Amino acid sequence: MLSYTLKRLLQAIPTLLIVITLSFFLMRVAPGGPFDGERRLPPEIEQNLRAAYHLDEPLPMQYLRYLGDLVQGDLGPSFKYKDFDVSELISQGFPASLELGMWAILAALLIGVPLGVIAAIRRNSTADYVVMSTALAGIAVPNFVIAPLLALVFGVLLGWLPAGGWNGGAWQNLLLPVVALSIQQIAYIARMMRASMIEVLGSHYIRTARAKGLSEWKVILRHALRPAMLPVVSYLGPAIAGIITGSVVIEQIFGIPGIGRYFVQGALNRDYTLVMGTVVFYGALILLLNLIVDLLYSMLDPQIRYDD
Amino acid sequence: MTSSPSTSGTSSSLPPARNAADQARADTLTRLGLAAEAPGTPPLMEINDLKVDFQLPDGAVPAVKGVSFTLNKGETLALVGESGSGKSVTSTAILRLLPELAEIKGAIRLRGEDLLSASTRRMRELRGNRIATVFQEPMTSLNPLHRIGRQIIEVLALHRDLKGRAARHKALELLEQVGIPEPARRIDSYPHELSGGQRQRVMIAIALACEPDLLIADEPTTALDVTVQAQILRLLKSLQQRYGMAILFITHDLSIVRHFADRVCVMRHGELLETGATHDVFESPQHAYTRMLIDAEPAGEKAPVAADAPVLLSARDVRVSFTIKRPLFGPKVAFEAVRGIDLEVRRGQTIGIVGESGSGKSTLGRALLRLLKSQGQISFDGVDIMPLDKSGMRPLRSRMQVVFQDPFGSLSPRLTVGEIISEGLRVHHPELNRAQRDARVCDALSEVSLDPGMRNRYPHEFSGGQRQRIAIARALVLKPEFLLLDEPTSALDRSVQVTVIDLLRDLQARHGLTYLFISHDLAVVRALSDHLIVMKEGEVVESGSTHAIFEAPRERYTRELMQAAFAPDLGQTHH
């Protein structure tokens with residue numbers, strides 16, 4: 001298991017390098033630069049600024065310089081928030097993003113799994129049809145549509161919850177963004193859980209469990225739930241990635257001071273280092289969480305063993 | 001579960017107060033010699049006029065059409081029939097574990113208690129306790145995520161309220177009884193760490209945990225190798241003697257029944273055709289279908305080819321190994337599935353390769369056709385084929401074809417039979433136009449005795465035997481010289497097997513085909529091949545003319561195989 005983990009971590013390096021390279025050059029292809037503002041700076045000043053940030057060097061040099069700094073753990077200074085390093089901004093924004101993301105993934109599991117199980121047990125009943133068609137709608141509508149709708153209905157029209165803001169992560173402020181962020185994952189997980197539960201319930205060892213004289217309830221909880229969860233667990237990797245990318249938009253819409261907002265604003269301002277920093281950070285995070293999910297899978301399924 | 005017993009009038013009365021109709025039926029049974037025990041001793045289980053209909057969207061499909069039989073204490077009753085005969089539906093009805101769309105009528109009584117009108121709770125008390133089951137699929141019948149000890153203890157906790165140390169102790173005792181080596185170590189194993197035979201032993205341990213009155217064994221040995229099959233049957237027999245339980249033994253294989261059951265019920269199309277003591281049924285079957293089943297053992301022998309017949313395929317020192325582990329540091333770990341095999345196949349010959357699962361027989365077959373990477377020398381019709389790449393092999397492919405075991409999985413469900421058969425023609429004979437291809441497809445279908453008019457249908461519309469004929473037609477359409485037959489009859493009922501064997505024989509005679517026939521079924525191999533190779537663990541144990549080996553096997557392993565296949569001695573008990 002240790003050697004497997006090491007191997008996976010080593011494999012993550014080239015993946016991360018590809019992500020960095022792509023986003024580095026894509027950023028530079030985008031028109032405009034970090035110092036283009038409403039008011040044009042005098043050429044000498046802009047020249048000085050560019051030199052200070054090494055933007056006057058040829059692109060490959062800049063790329064190598066960035067990689068060199070990155071290896072030393074230096075994400076560079078932000079071009080826009082001039083008094084801050086990118087790493088400072090990320091560590092400032094991370095707690096809010098983490099809280100939002102954790103709640104979203106928890107909601108996706110705690111709501112998606114039971115819904116899927118109920119739909120599977122009551123297959124082809126009204127409950128099944130309601131859950132599945134709602135789930136389909138949840139998948140079909142993107143979160144950037146759901147989020148403003150939620151804010152409009154519950155924040156503005158009904159006035160039950162704040163339409164935006166963070167307020168230190170109070171539950172009233174968390175509720176709408178968490179719903180907007182998790183609804184798609186709830187839908188995916190419910191559908192996936194239903195399908196795998198139906199498959200497991202038809203398997204031979206479930207027949208054995210029934211032939212043992214167990215009640216249907218025990219058959220489901222003891223024998224069917226864990227194997228049926230396996231596909232959901234392996235989906236957690238992509239789900240986490242989906243929630244992270246989703247949070248970029250959601251944070252912006254609800255005005256949450258997380259990393260996602262820095263990312264969007266960094267991209268609009270051509271704040272190269274800030275965008276690169278968030279990409280590297282989230283890229284590494286997604287790879288790490290995927291590894292954790294795979295290790296978790298092997299713990300749930302004894303047939304999967306990452307031998308040394 | 002819909003269960004509406006039609007004889008509800010009788011079910012309310014308790015066993016001693018039988019009504020006249022039941023009494024009359026019992027008397028008839030006694031007169032016919034079907035009730036083994038003296039009148040007055042009620043049978044353990046009584047099934048009267050059992051009917052099961054599956055309510056499907058386009059109408060009810062009857063699966064069991066009024067079946068009646070009794071089972072006495074300590075007795076073994078075999079329920080014999082081919083696929084679709086309703087034998088498994090009957091046994092599942094006893095447990096009331098049929099899907100909800102099944103409608104059950106009639107009466108099933110265990111010690112006088114009507115099971116069809118019993119409450120769900122009562123049924124749960126009986127299942128795994130008074131009525132236990134061992135299923136056909138040992139590989140998938142245990143929960144893959146639970147340790148085997150836990151799966152045994154679960155029944156003990158449920159029905160015997162046995163927990164903790166006492167339950168574990170009892171589970172160890174059961175594992176010991178069913179012949180699991182080192183039970184103390186094995187009790188904490190997961191199912192995938194055990195072989196098929198061992199898993200079936202664990203299933204038996206679960207079934208016996210509460211010392212049931214009735215054990216339903218639904219094809220318990222079908223998925224196992226012959227030598228393991230014999231061990232499991234011996235084990236069941238010895239445990240039956242020990243616990244005095246009755247066994248309802250469901251099987252399609254009459255050869256097992258002869259040595260195992262006291263009485264036999266023969267079923268076909270949901271009806272009970274014949275019931276009687278095993279000896280009587282085998283000696284003087286009353287029904288033509290029973291006769292046919294008994295005679296369905298593949299017969300005949302193949303004459304050897306001339307000693308100077310030209311060699312079509314020859315192989316020297318063929319080795320196949322699979323990488324099973326590739327650690328980060330250090331050398332990769334390989335498993336050698338085929339370990340240096342020499343082979344010569346002459347034109348017109350049928351070489352049979354027999355061996356149990358894992359012996360490497362299928363791997364060898366695929367390596368010979370270069371469908372798998374291997375080392376060694378292989379030449380086909382004098383051409384060394386080892387150095388050839390994919391495109392170099394392609395012209396030869398039409399001359400060497402394969403028929404696989406699984407007639408359900410090896411035909412694409414999205415293509416019509418005509419498309420499946422003509423696909424090879426498109427590759428190897430692009431010069432043919434549509435009409436010519438169609439004509440070749442029709443010829444191939446007629447060759448395998450299928451109506452060419454069915455070529456526009458899809459595989460699911462055909463039975464297992466028909467599908468295997470389609471697979472053979474697919475191979476034949478290219479007019480090959482060499483056919484690799486990888487267990488082509490193993491998934492088929494005995495009676496269908498015989499017809500497929502006749503077909504293969506007939507085709508060989510007509511077209512001078514050369515066969516490499518891979519099978520675990522010695523009876524089929526004996527009927528079809530003139531030369532035999534016995535494989536074990538990737539090596540040849542014994543080879544020679546089929547006749548000579550069957551007459552006088554030289555090696556101990558060959559003798560064991562034959563013993564297990566043709567005369568399992570169920571009297572002895574050892575593991």
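## A covered helix in chain B

A residue counts as buried if 20 or more other C-beta atoms lie within 10 Å of its own, with C-beta atoms placed from the backbone. By that criterion, in this predicted model, helix α8 of chain B is mostly covered, since 12 of its 13 residues are buried. The buried residues of α8(B) are B:G197, B:Q198, B:R199, B:Q200, B:R201, B:V202, B:M203, B:I204, B:A205, B:I206, B:A207 and B:L208.

The helix itself runs over residues 196-208 of chain B and reaches 18 Å from its first C-alpha to its last, close to the 18 Å expected at 1.5 Å a residue. The cover over the buried residues of α8(B) includes strands β7 (131-134) and β8 (214-218), together with helices α5 (148-160), α6 (164-177) and α9 (226-243), of chain B.

## An open sheet in chain B

Chain B also contains an open sheet of 6 strands, ordered β17-β18-β19-β14-β20-β21, in which the pairing is mixed. Its edge strands, each pairing on one side only, are β17 (400-403) and β21 (539-545) of chain B, and the twist averages 15° from one strand to the next.

## A helix pair in chain A

In chain A, helix α1 (residues 2-29) packs against helix α11 (residues 272-300) at an angle of about 155°, their axes lying 10 Å apart. Because angles over 145 degrees count as roughly antiparallel, α1(A) is roughly antiparallel to α11(A). The contact is made by residues including A:T5, A:L16 and A:M27 of α1(A) and A:Y272, A:V280 and A:L291 of α11(A), and α1(A) passes α11(A) in a right-handed crossing.

How values were computed. Residues are numbered from 1 along each chain as its sequence is written. Chains are lettered from A and ligands numbered from 1 in the order in which they are written. This is a predicted model: local features need pLDDT of at least 70, side-chain atom pairs count only at pLDDT 80 or more; totals for chains, interfaces and linings use all residues. Two strands pair if DSSP finds at least two bridges between them. Helices (H or I, at least four residues) and strands (E, at least two) are DSSP runs, numbered from the N terminus. Axes are lines fitted to C-alpha atoms, for helices over the stretch in contact, and angles run from 0 to 180 degrees between N-to-C directions. The expected span of a helix is 1.5 Å times one less than its number of residues. Two residues are in contact if their C-beta atoms, placed from the backbone, lie within 7 Å. Angles under 35 degrees count as roughly parallel, over 145 as roughly antiparallel, 65 to 115 as roughly perpendicular and the rest as oblique. A crossing is left-handed if the near helix is turned anticlockwise from the far one by less than a right angle, and right-handed if clockwise.
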